[in-house]
Amino acid sequence: MHSQRFGAGANLQVWGSGSSSVVGGDWRMAGLLVLCVFAVVFKDIFASTEVCTNALLPGAKGDQGVSGEMGLKGDVGHPGKMGPIGDKGNKGDTGLEGPSGLKGKPGTTCDCGRYRKVVGQLDVSVGKLRKAVKFVKNVLLGLKETEECYYLLVKEPKKFREALINCKLRGGTLAMPKTSNTNRLMADYVSQAGLTRVYVGLQAQIKDTVGTSDYVYADSSPLQGFAAWSQEEELNSRVSPNTNSSCVELLGTGTWSHVECEATLYFICEFPKSRRRGGAGGGGN
């Protein structure tokens with residue numbers, strides 16, 4: 001009965017009493033080994049349970065990284081849109097004074113008194129010359145003038161056509177009394193010369209066989225506006241185609257009258273100042 005209670009341990013004691021102490025020590029070592037094995041197993045079980053959970057545990061902080069090198073500079077981009085014009089800037093400071101120029105050549109001495117004397121003598125000479133020209137025109141040549149023209153009374157009896165040609169050869173035209181002032185000047189010119197009538201540059205042009213006519217001046221301009229017909233004459237009177245009384249004469253009284261173109265009369269030539277300036281003496285040849 002005693003051997004059944006102890007089981008295997010009793011059997012070990014049967015093998016010999018001298019080795020009982022050694023066997024007991026081995027059992028203790030085996031027990032410790034088993035405990036160690038269980039501890040490792042339970043640790044793995046608990047560790048695997050924690051892995052299967054959904055909790056994320058932060059890892060340990062890593063070491064600080066090493067800074068990299070700076071990259072290459074990129075290409076210049078496209079120019080952007082022009083911005084608005086800015087405000088006018090402040091006036092800048094005055095620049096530095098530039099270098100002085102080269103010295104000029106010395107001037108000549110002016111004898112102003114001498115020149116003034118010469119100019120004065122010229123003025124006197126010009127005044128005398130003007131008086132002389134006026135004397136030649138008004139006394140010797142007997143010219144009359146307005147602001148636009150000179151007028152020369154030619155005391156050479158000519159037919160109307162011959163008078164036209166003579167004035168053209170002198171550089172002018174047969175005088176045309178287009179205004180009352182011009183007509184009065186020419187009439188006084190005639191009366192002062194002791195004459196009663198002269199040819200003027202006005203003629204009737206017959207238009208049809210009935211005798212209707214128009215009057216034109218020596219420059220081909222039509223008669224319009226001013227007219228100085230006498231009471232016996234009418235501006236619109238018909239000139240008979242059977243006569244040659246289509247020319248016009250100026251009387252000393254200032255009135256106009258019809259005259260035959262074949263009659264020989266004195267006449268007045270007209271010279272525009274714009275074309276005959278300084279050449280009035282040519283009209284007296």
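Predicted model: local features only at pLDDT ≥ 70, side-chain atom pairs only at ≥ 80, totals over all residues.
I will start with charges. Side chains of opposite charge can pair when their charged atoms come close. Searching the whole structure turns up six salt bridges. I will go through some of them.

Take Lys-273 and Glu-145. Their closest N and O atoms are 2.8 Å apart, and the two form a salt bridge. Lys-273 belongs to helix 7, residues 273-276, while Glu-145 belongs to strand 1, residues 144-145, so this contact ties together parts that are 128 residues apart in sequence. Is Lys-273 buried or exposed? Its relative accessibility is 14%, and because buried means under 20%, Lys-273 counts as buried. Glu-145, at 34%, counts as partly exposed. Lys-273 has another contact to show: its charged end sits over the ring of Tyr-150, 5.1 Å from the ring centre.

Next, Lys-159 and Glu-262. Their side chains meet in a salt bridge, with 3.1 Å from N to O. Lys-159 is in the loop between strand 2 and helix 5, and Glu-262 is in the loop between strand 7 and strand 8, 103 residues apart. Lys-159 is partly exposed, at 32% relative accessible area. Glu-262 is partly exposed too, at 47%.

Now Asp-219 and Lys-178. This salt bridge has an N to O distance of 2.8 Å. Asp-219 sits in the loop between strand 5 and strand 6, and Lys-178 in the loop between strand 3 and helix 6, so the bridge ties together parts 41 residues apart in sequence. Asp-219 counts as partly exposed at 39%, and Lys-178 counts as partly exposed at 35%. Lys-178 also has its charged end over a ring, that of Tyr-217, 5.2 Å from the centre.

That brings me to the rings. How many aromatic pairs does a search of the whole structure find? It finds four. One of them is Phe-160 with Tyr-199: the ring centres are 5.4 Å apart and the planes stand at 75 degrees, so the pair is edge-to-face, the cut-off being over 60 degrees. Phe-160 is buried, at 4% relative accessible area. Tyr-199 is buried as well, at 0%.

Last, a cluster. Tyr-215, Phe-226, Trp-229 and Trp-256 are linked into it by ring pairs.

Key. Residues numbered from 1 in each chain as written. Heavy atoms only, no water. Salt bridge = Lys/Arg side-chain N within 4 Å of Asp/Glu carboxyl O. Helix = DSSP H or I, 4+ residues; strand = E, 2+ residues; numbered from the N terminus. Buried < 20%, exposed > 50% of the residue type's maximum accessible area, 1.4 Å probe, protein only. Phe/Tyr/Trp six-rings, centres within 6.5 Å; stacked < 30°, edge-to-face > 60°. Lys NZ or Arg CZ within 6 Å of the ring centre and 35° of its normal.
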